Amino acid sequence: MSQQDSFVRRRFLKGLGGISIGLPLLDAFVPRGARASTAKPLYSVFILGHNGIAQNVYGAGREMFWPRTPGRLTKAGLAADKDRATSELADYADKLLLLRGIRYTFPSAADPHSGSSNQTFTASRSGRNLGGGRTMSGAESLDNRIARELNPEKREPLVLFVGAKPSYEQLTDNLSYRGRDQVRVGENNPWLAFQRLMGMNPGGGAAGNQEAMKALEERRKSVNDFVRGEVKALSARKELSQEDRKRLDQHFTSIRDLEVRIQNTMDPGREAAFRAVNGKHTSAENVETVIGLMTEIIALALASGVTRTAGLQLGSPTDIIRYTVDGKVQENFHYISHRIMSHGGSGAAIPDAERIHHMIDRIQLRALKSLLDHLDKRKDADGSMVDQGIYAYANALGDGPRHILRGIPYVSAGGARGYLKTGQFIDYYAQKKEPHNSQVLTTYLGAAGVRQANGAPADDFGARDTPRGPLTELLA
Amino acid sequence: VKRIRSQSIVDVLALAGALACAGAGCTGQVGEMDDPLPSGETPSDRPSQGRPAPGAPTGGGSTTPGTTPAGPGPGALPPVSAGTPTLPPVATPVLSRLTHDQWENTVRDLLRLPKAPGLSQSFPAESNPSRFDNQGGTLAVDGVLWTEYQRAAEQLARQVSRDPAALMRLVPAQLPDDLKARGRAIAEALLLRAYRRPPDADELTRAVALFDRGSAGKTGAEATAGGVELLLEGVLQAPQFLYRTEIGRAGKELATFDDYELASRLSYALSGSMPDDELFAAARAKTLTASRQGLADQARRLLGGPGGQATIETFHHHLLNLGSFQRIEKDAKAVPGYVPALRDDMYKEALALVRDVAIERGQGLSGLLTASHTFVNARLARLYDLPGSFTDDKFVRVDLDPSRRLGLLTSTGFLSLYAHGLEPDIIHRGLFVAENLLCKPLPPPPDDIQVPKVDPTLTNRQRIEAISGKGTCGEACHSTFINPPGYALEGYDGLGRVRPTDQGKPVDTAGSYRLDGEVRTFSNAVELARLLAASQEAHQCYAGHWLEFLHARPRQESDAKFLADLATRSQAGRLSPLDLIVTLVTSDAFLARPL
C-alpha cells in the first residue's frame, strides 16, 4: 500500500438516522484495546443541573417535582400530575426510570455547590480544594469512563455547557472529569460546537472539492507525522512524570489525519439557526433556544458515531442563569433557589420563588425531553435511539433553600435495549431507603455498555469506599 | 429555626440591589490626568500579561555569545550572602501547557506580529484552578483544543508565509542560497525561539524534512515561503512549543534549570510570554546560571519596561478581583445613582491607584491600603461627594479625607462589588479581607447548620450577627475571621458612598480582629486599614501571592520562613514591589526543583 493510500483509504460509518461520516484510519496510532467495540453501540448522555429542585424531602418545601404515585408510569398518569415537573416527560412515560431519594456517600468538603456537583456523576469524594469553598473532583466521571472504554480511537466525550462562564467563578465546569482534579471544559457556544462537529473550521474549508481535499489531507498528514515525532521524542524523556506522559498521550491520540466531517446530515437551514445565536448564546432570553441547539448537537454526535457518550451542564455550580418564566426574565436562579435576594442567608424575600423554582425545574427536564425528541427521530429495527441507550438528568442538590446533599434526583430515559426496567417511578425516600449515587451510576455504566473482561456488566464505578455494584431492582 | 444542611456563604459574588443612601466624605483635588487607561484600552483587555510588540529581529539564535562565565554545575545553586534566608525548591511540573493568554503572547512574539492574533477566543475555555490563571501543570491538549490549535496554526502559517514583510521578520537576515542549507538555517532559528532552547539533532532533522516537503517542487522565494508555511504549521502544534519544558540538569538532590529554561521561566513570570532576543542572548552566554546577579539584571531590565508595568498590573488585577468590576450589575431603580458606565469607571480608578502606588511610588501593600488619594471622573466624584468640577471623560487625582477614606478597601469598586444592590455584603467584604489580604485558611462550612429566622427591621449588621455571629454555629469562623472586617466597612453603601445610618440607626463599624496573634480593636474602616497595613500577617500574605503568581504554583509550608522575612522587610517599608519580585525570581525555588 502506498503512503498516499494509507491516508486516503478511510472507512465510512453509517450511524442511525442515515448519517455518514468519514473517519480516518489511524490503526497504526491507536493503542491496542482502545479501538471501538464492534458490537452494536449503546449510547449515553448525562445532564447536570444545580441549586436543587422544588421537592418535599426531609421536612421542607412543597412537592412540585415527582409524580404522586410511585410504581408504574403511564403517559396519562404523568400528564394528569400536571402540577409536577416530571409531567414534562409524559410522552416518554414508558421509557422513564425516576429515582427519588438518592444520597451521596461523602459530605461536602467545601461549599455545598462544589462539594455536591463534583459527586453527581463521579461518586467520588472531592479532590483539590481551591479555596473559597471550591473543590475539584477526586476521580473520573461516568462519561469519561464510558468514552475511554467504548469510544472509537479513545475519543473524548462531547461535553457542552449552557450559560455564561464568569471568570470570577474560578471553576464553572464540574460535570466531566478525566481523573482527579482534571476537569473537562464544556463548550457553551452552540455555533462553535456545531462548527467543530461539522469540520467547518477555516482550515477544513476544502470540503466538497475533492482535489483540494486531497491536497489538504496530504499536507496535514505531513504535519501530523512531524507532530507525532515530536510527541514521541518528548515522551521519551525519562524525567517526565506518569502524569506528564498521560497528558502527552492524550495529545498524541487527539491528532487526526482529517477532521471528522459529517456529510449529508442536516437540513442546510439548521446552520443558520446555530449561527443566529453566536455571540448571544449567554443571553437570558436565549437559554431555552441554546438548550435545544445543544441537545440537537449531542443527538447528531451520537447518531454519527463521533462519540457514544456526552454531557450537558446547565449553568455553573452556583447556577446564576436568569431563566425566563411566565414570559419574564427572572432573577438569577441561585437567588430563587434561596428564595431571597442573596447568595447568602439574609436578603429580601422573592415573591413566588418556590413556584418559579418549580418552573425552572420544568425547563431543565425539558432539556432532557428535547434530547429525547431528537433521538426518537432516529430509528432502526431495535427501536429509536431512545431505546438504545441511557439518558439521565440529575441535580447536584436535593432542594433549593437548604442545599441538602440528600434526596438527589436521578431521572433517566431509555432501557439500553432491554438492560433496564423502564416506565417506573421508584420512591426510595418514601421507602426510607437511601441508595448511594455510586449504585445508580454503576447501573448507568452497565446500561451504557461497559463490560468486564468476562462480558458481565462493569460493577466498579465510584470511590472504593462507596457501596458498589448496580441497583439490581432496576435491571430487567 | 429552620434546619438546613449547609447554607452557602461562599457563593458567587453578590451583585444585585436595593435602597439608597447618601453621605459626605472627601475633600480637595490635586493635579489632573487623562483617562488612566490608554486610549482604546478597555478593562477586559487587561487580564493578560504582555509587553509591547517586538520590533525588527536582532536574531536570538544568531546572537554572538559573550564570555561564558563558569556556572555552579548541575544540581548546585549559586551562593547567597551569609545569613540570607533561602526559599527551598519544591516539586514543580516538568511540563506546563501554555495558558491561552500565554499562547497569544507567545505567538505574537515568535512571529513578531504587531499584536496578539486573538485566535484563542474560539479555544475551549480553560479551567485553571489558580487565582492567577497561570498554572499550566494540569492543562492538557484534548481533541477539541487540538483541532483549534491546528486551525490556528494553519491560519497563522498561511498569513506569515504569504506576507513577504512578515516572512522577512521571521527568518534570519543572512540566508544561504542553497535551498537545503536555507531550510536548515530557518529551521534552526525558528526552533530555538519556538521551543525556547536550541533544538537537538533529531528535532532539527525532522523540522528540516518538513521544510523540504513544503518547498518541494518550488524554487526561489516561493520555495522558502512553502517550506516556512509547512514548518510553522508543524511547530505551532508541537508539544515542545505548546508546553513549557523545565527539566533541569540533575545533581544529587536537585535538578537546576539551565540557562534557556531559566530564561523561559523568567520571561513567562514577568511578561507572560517567551524570552525576548536579549534574554535569549543572555541564555546563550550562560549569564543566567553563572550568578544570581545575572538573573536579577535581566529581571530588572524586563521590569523596567512596559512589560514590568503590565506584570504588576496583572498581579493586582487578579489579587483584587478587578475583572469582576466589569460584571457589577445593579438595578438602577433600586440603586439610585447607579449607571452601567460606573463599572468601567471603578475599574479605571482601581487600576490608576495600583499604577500610582505600586509602580510610580514603588510602594506595596501598605501603600495600597493606606493611600489617602484616588482618581475620579465626574461620576465617581459624585459617589465620593467631592466638591468641584469634573467631567466624565477625564480622571483627576484627588486627595480624600483620611479620617473617612483610606486605600482600596474604601474605594467605590471594591465596595460596590461586595454588596447586594445597595446593601453592604458584610460576609463577602470580610471574606475578601480574610482570604485575599490575610490568607486565612478558612475551613468549609459544616454540613449541618441551623439558620434562625431574622427580624427584617434589624440593621444589616444585626441580621448577620443573628445568623452567623456569637452564639450561633458560625461563631468560630464568621465571628472570628469573616464578619469583623465586613462590620468595619458598614459605613459604605453598595455604591461605596458613605452611609451614616442603617434602618434609622447609626451604623456600627467597630470591632476586633486577631492579627499577628493578638486581638486588635478598630472603630471603623480607616483604622482597620491601618491595622492591616502594619500587620506582618498581611505582608506575608501579599508576598505569598507574589510567590504564587511568579512561580506559577500554590504556596507550600516550606515557603513560610522565606515569606516571613520578606514580610518583615515589606512591613518596614524596605521592600518595593520591584525588589520583592526580583528577590522571588532569584530564589533557590526559582532556580531548581527537587529530584
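**B:Gln174 counts as exposed, at 71% relative accessibility.** On this scale, exposed means over 50% relative accessible area, buried means under 20%, and partly exposed is in between (1.4 Å probe, protein chains only). This is a predicted model: local features need a pLDDT of at least 70, side-chain atom pairs count only at pLDDT 80 or more, and totals for chains, interfaces and linings use all residues. Residues are numbered from 1 along each chain as its sequence is written, chains are lettered from A and ligands numbered from 1 in the order in which they are written, and side-chain values use heavy atoms, with hydrogens and water left out. As for its setting, B:Gln174 sits in the loop between α3 (164-170) and α4 (179-194) of chain B. Helices (H or I, at least four residues) and strands (E, at least two) are DSSP runs, numbered from the N terminus. If you want a sense of scale, 56 Å separates the C-alpha atoms of B:Gln174 and B:Leu417, which are 243 residues apart along the chain.

**Helix α1 of chain B (residues 100-110) is largely enclosed by the rest of the structure, because 10 of its 11 residues are buried.** After α1(B) comes B:Arg112, with a positive phi near 50 degrees. For background, most residues other than glycine have a negative phi.

**B:Leu111 is in the loop between α1 and α2 (143-161) of chain B.** Is B:Leu111 buried or exposed? B:Leu111 counts as buried, because its relative accessibility is 0%. Leaving aside residues up to four places away in sequence, B:Leu111 touches B:Leu156, B:Val160, B:Leu170 and B:Leu232, where contact means heavy atoms within 4.5 Å. From C-alpha to C-alpha, B:Leu111 and B:His100 are 16 Å apart in space and 11 residues apart in sequence.

**Helices α9 (residues 277-284) and α11 (residues 292-304) of chain B have axes that come within 11 Å and cross at roughly 180 degrees.** That makes α9(B) roughly antiparallel to α11(B). Axes are lines fitted to C-alpha atoms, for helices over the stretch in contact, and angles run from 0 to 180 degrees between N-to-C directions. Angles over 145 degrees count as roughly antiparallel, under 35 as roughly parallel, 65 to 115 as roughly perpendicular and the rest as oblique. On the α9(B) side, the contact uses B:Glu278, B:Leu279 and B:Ala282; on the α11(B) side, B:Gln298, B:Arg301 and B:Leu302. Sorted by class, this contact of α9(B) with α11(B) has 3 nonpolar, 1 polar and 2 charged residues. Here Ala, Val, Leu, Ile, Met, Phe, Trp, Tyr, Cys and Pro count as nonpolar, Asp, Glu, Lys and Arg as charged, and the others, Gly among them, as polar.

**B:Lys286 lies in the loop between α9 and α10 (287-290) of chain B.** Its backbone is worth a look: B:Lys286 has a positive phi of about 60 degrees, although it is not a glycine. B:Lys286 is partly exposed, with a relative accessible area of 41%.

**B:Leu408 is placed in the loop between β7 (396-399) and α16 (412-417) of chain B.** With a relative accessible area of 11%, B:Leu408 is buried. Which residues does B:Leu408 touch, not counting those up to four places away in sequence? Those residues are B:Leu320, B:Ala350, B:Leu353, B:Leu368 and B:Phe414. The C-alpha of B:Leu437, 29 residues apart from B:Leu408 along the chain, is 11 Å from that of B:Leu408.

**Over in chain A, A:Asn51 has a positive phi of about 70 degrees although it is not a glycine.** A:Asn51 belongs to the loop between β3 (43-49) and β4 (71-72) of chain A. At 0% relative accessibility, A:Asn51 counts as buried.

pLDDT is the predictor's confidence in each residue, from 0 to 100. Where pLDDT is low, the predicted coordinates should not be read in detail. Chain A as a whole averages a pLDDT of 84, and 84% of its residues score at least 70.
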